Amino acid sequence: WEDGVDPAGWFMSEKLDGVRCFWTGTQMFSRNKNRFNPPRWFTKNWPKSQMDGELFIDRGKFSQTLSAVRKGTPIDSEWEKVKYLVFDAPGLKQPFKDRLKTMEKVIK
């Protein structure tokens with residue numbers, strides 16, 4: 001580890017080449033509270049609890065991801081490439097480790 005800090009016992013998540021996205025349980029927002037308008041099929045059957053993560057197409061595709069998700073009227077063929085990669089469920093009033101376990105069950 002470069003800075004001499006031992007990461008053992010800590011949780012880490014990789015920074016992907018995506019767009020940060022918060023799911024309220026009914027709507028998606030950016031970190032700056034700009035609303036995303038995904039197609040209805042994209043969020044169908046999603047949990048009604050909060051999730052925090054990234055909208056992601058692939059490495060090196062940040063501009064393509066941003067272009068797809070920022071449109072007021074979603075284009076299905078663009079959203080078909082987008083994944084929502086969840087790394088937290090802040091609405092669950094549990095320790096982080098327990099939130100991860102709960103989200104693994106919910107997302108499956």
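Visitor: Is Lys33 buried or exposed?
Guide: In this predicted model, Lys33 lies in the loop between strand E2 (28-29) and strand E3 (35-36). The cut-off for exposed is over 50% relative accessible area. Lys33 has a relative accessible area of 68%, so Lys33 is exposed.

Visitor: What is phi of Asn45 near?
Guide: Asn45 sits in the loop between helix H1 (40-43) and strand E4 (51-56). Asn45 counts as exposed, at 73% relative accessibility. Its phi is positive, in a residue other than glycine, and is near 70 degrees.

Visitor: How many salt bridges does the count come to?
Guide: Side chains of opposite charge can pair when their charged atoms come close. Among the pairs here are Glu78 with Lys71, where the closest N and O atoms are 3.0 Å apart, and Asp88 with Arg99. The count of salt bridges comes to three.

Visitor: Which residue forms a salt bridge with Asp52?
Guide: The closest N and O atoms of this pair are 2.8 Å apart. Asp52 lies in strand E4 and its partner in strand E1 (residues 19-23), so the bridge ties together parts that are 32 residues apart in sequence. The partner is Arg20.

Visitor: Where is Arg99, which meets Asp88 in a salt bridge?
Guide: The two side chains meet at 2.8 Å, N to O. Buried means under 20% relative accessible area. Arg99 has a relative accessible area of 15%, so Arg99 is buried. The pair links distant parts of the chain, 11 residues apart, with Asp88 in strand E5 (residues 83-88) and Arg99 in helix H4 (residues 96-107).

How values were computed: Residues are numbered from 1 along each chain as its sequence is written. This is a predicted model: local features need pLDDT of at least 70, side-chain atom pairs count only at pLDDT 80 or more; totals for chains, interfaces and linings use all residues. Side-chain values use heavy atoms; hydrogens and water are left out. Helices (H or I, at least four residues) and strands (E, at least two) are DSSP runs, numbered from the N terminus. Buried means under 20% relative accessible area, exposed over 50%, partly exposed in between (1.4 Å probe, protein chains only). A salt bridge is a side-chain nitrogen of Lys or Arg within 4 Å of a carboxyl oxygen of Asp or Glu.
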